[in-house]
Amino acid sequence: TNHLPIVRGDSGLGLWRRIRAIPFLTVIENPVIDFREKKLMPELSGILNWSVEGARLFFEEGLEPSKSIMDASKRYREDSDLFLVWWLGRVEEIDPEITQQGLTRADAWIDFKEWHAAEFGEEVRGGLSARGLTKWVNDKNLREKKTSTSRWWLDVGLRPKPSKPVK
């Protein structure tokens, strides 16, 4: 495919250790007509030998992905991480010397749902949840504050929403 599939929901390690994005960077400007007959068929026995040798090495040694494949896969994962995309666009660091405020889990989830609806024109679905967002943010090891009614991540807050143009 020319486009990578959209990955939504709780896409943890179980999914991403199985997915590899393979970059195809070569563009063939002037393809040879009858390539199969003119180029491949005369080399058929060599291609078969090369394939058999590759299979033998694979079964003996395994196959580690190249750096370019790992880099492309990492970019794909980051681009598919909706929590990350939301976080980078909507959350900012707050100077703890100026304020002791932070971001409540409830406010984060409400803002994520609103952002998602604005970005994709639909409600959150496919495994995305408040619990998943909480786990994702907790992996950042932010300082936390607990009260009897809510839980806060300190030193971060929501950016002001962009104002809509007046008509």
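The crossing of helices α6 and α7 is right-handed, meaning that the near helix is turned clockwise from the far one by less than a right angle. This is a predicted model, with local features needing pLDDT of at least 70, side-chain atom pairs counting only at pLDDT 80 or more, and totals for chains, interfaces and linings using all residues. Residues are numbered from 1 along each chain as its sequence is written, and side-chain values use heavy atoms, without hydrogens and water.

**α6 and α7**
- Their axes (lines fitted to C-alpha atoms over the stretch in contact, with angles from 0 to 180 degrees between N-to-C directions) come within 10 Å and cross at roughly 115°.
- That makes α6 roughly perpendicular (65 to 115 degrees) to α7.
- Arg105, Ala108, Trp109 and Phe112 in α6 meet Ala130, Leu133, Thr134 and Asn138 in α7; contact means heavy atoms within 4.5 Å.

**α5 and α6**
- The axes of α5 and α6 cross at roughly 100° and come within 11 Å.
- α5 is therefore roughly perpendicular to α6.
- From α5, the residues meeting α6 include Leu82, Phe83 and Trp86. Their α6 counterparts include Trp109, Phe112 and Trp115.

**Buried side of α5**
- In α5 (residues 82-90), Leu82, Phe83, Trp86, Trp87 and Arg90 are buried, that is, under 20% relative accessible area with a 1.4 Å probe, protein chains only.
- They lie on the same side of α5, because they cover an arc of only 135° around the axis, taken from the directions from the helix axis to the C-beta atoms.
- The buried residues pack against α4 (67-80), β1 (91-93), α6 (105-120), α7 (130-138) and β5 (156-158).

Conventions. Buried means under 20% relative accessible area, exposed over 50%, partly exposed in between (1.4 Å probe, protein chains only). Helices (H or I, at least four residues) and strands (E, at least two) are DSSP runs, numbered from the N terminus. Angles under 35 degrees count as roughly parallel, over 145 as roughly antiparallel, 65 to 115 as roughly perpendicular and the rest as oblique.
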